[in-house]
Amino acid sequence: MRSVLLIILFLIITACQANDETSRSVDMYNASGDMIGTAQLTEGDGGVDVKLKLEGLEPGYHGIHVHEYPKCDPPDFTTAGSHLNPDGNEHGLMHPEGSHLGDLPNIEADSGGLVDAELMLPEATLKDGKKSLLGGEGTSLVIHENQDDGVSQPGGESGARIACGIIAKDEKKSAETPTDPTEFNEEQEE
Ligand SMILES: [Cu+2]
Ligand SMILES: [Zn+2]
């Protein structure tokens with residue numbers, strides 16, 4: 001009897017994982033590989049809600065976007081690819097032919113370098129589909145050195161990528177240290 005119940009429980013859990021994703025916790029890392037906070041993603045009525053709690057940023061505004069690949073190799077995070085853009089739009093929330101699916105409003109770090117913000121990705125979803133943040137193996141969330149001007153191509157002149165977190169299809173990978181720091185030299189030849 002007990003094993004039957006366990007099997008039923010297993011089937012229920014498996015079914016839930018298969019097609020009904022409604023949240024994701026994303027650990028954010030800086031270029032030195034230190035964790036600087038988290039982003040809580042939640043499926044809402046009008047898109048995906050992004051709750052950010054971060055520390056250790058330069059005070060002021062920073063661009064932030066969902067990028068196309070679930071790969072955050074420090075220190076430059078170029079492995080995250082471009083902004084998530086399944087519709088082939090122009091970059092920028094203020095662009096007349098924008099915006100990328102992954103474009104977000106700037107975040108502001110206070111004088112102590114802290115960010116406590118709630119943003120919205122109005123067209124996105126965590127469920128299946130063209131506008132999913134969990135399509136393929138997933139995507140990533142990238143924070144930039146400077147403010148995103150909302151119109152310049154291809155990235156709003158927001159400068160270097162200073163932090164990155166994996167929005168992984170496989171939930172375990174969203175909370176995994178991205179890369180062994182001792183591997184930097186081999187991986188960052190440019
Ligand atoms: Cu970006
Ligand atoms: Zn963009």
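Author: A nonpolar core is a set of buried Ala, Val, Leu, Ile, Met, Phe, Trp, Tyr and Cys residues joined through C-beta atoms within 7 Å, where a residue is buried if 20 or more other C-beta atoms, placed from the backbone, lie within 10 Å of its own, exposed if 12 or fewer, and partly exposed in between. This is a predicted model, in which local features need pLDDT of at least 70 and side-chain atom pairs count only at pLDDT 80 or more, while totals for chains, interfaces and linings use all residues. Residues are numbered from 1 along each chain as its sequence is written, and chains are lettered from A and ligands numbered from 1 in the order in which they are written.

The largest nonpolar core holds 36 residues, and those with the most contacts inside it are Met-28, Leu-141 and Ile-167. The elements that give it two or more residues are S1, S2, S3, S5, strand S6 (107-109), S7, strand S8 (138-144) and S9, and among the contributors S9 gives the most, with six residues. As general background, nonpolar side chains tend to be buried together in soluble globular proteins. In the chain as a whole, buried residues make up 36% of the 190 residues.

To place these elements, the chain has two helices and nine strands, where helices (H or I, at least four residues) and strands (E, at least two) are DSSP runs numbered from the N terminus. Read along the sequence, the pattern is α-β-β-β-β-β-β-β-β-β-α. Seven of the strands form an open sheet in the order S5-S8-S9-S1-S2-S3-S7, with antiparallel pairing, two strands being paired if DSSP finds at least two bridges between them. Strand S5 (64-67) and strand S7 (115-121) stand at the edges with a single partner strand each, so one side of each is left without a neighbour in the sheet. On average, and with direction ignored, neighbouring strands of this sheet are turned by 20° against each other, the axes being lines fitted to C-alpha atoms (for helices, over the stretch in contact) and angles running from 0 to 180 degrees between N-to-C directions.

Covering residues 23-30, strand S1 pairs in the antiparallel sense with strand S9 (residues 161-168) over two bridges, and here Asn-30 stands opposite Ala-163. With strand S2 (residues 35-44), the antiparallel pairing of S1 runs over seven bridges, and Met-35 is the bridge partner of Tyr-29. Four residues lie between the strands in the hairpin of S1 and S2, where Gly-33 takes a positive phi near 90°.

Met-28, one of the residues with the most contacts inside the core, touches Met-35, Ile-36, Gly-37, Thr-38, Ala-39, Leu-54, Leu-141, Ala-163 and Gly-165, not counting residues up to four places away in sequence; two residues are in contact if their C-beta atoms lie within 7 Å. Leu-54, named in that list, lies in strand S3 (residues 47-54) and counts as buried because 24 C-beta neighbours fall inside 10 Å. With the same exclusion of residues up to four places away, Leu-54 touches Met-28, Ile-36, Gly-37, Leu-114 and Val-115. Leu-54 and Gly-113 are 59 residues apart in sequence and 8.1 Å apart in space, C-alpha to C-alpha. Across the chain, residues 24 or more positions apart account for 59% of the contacts with a separation of 6 or more.

As for caution, the mean pLDDT of the chain is 88, and 80% of its residues reach 70 or more, pLDDT being the predictor's confidence in each residue, from 0 to 100. Over residues 182-190 the pLDDT is below 50, and this stretch has two contacts in the model beyond near neighbours in sequence.
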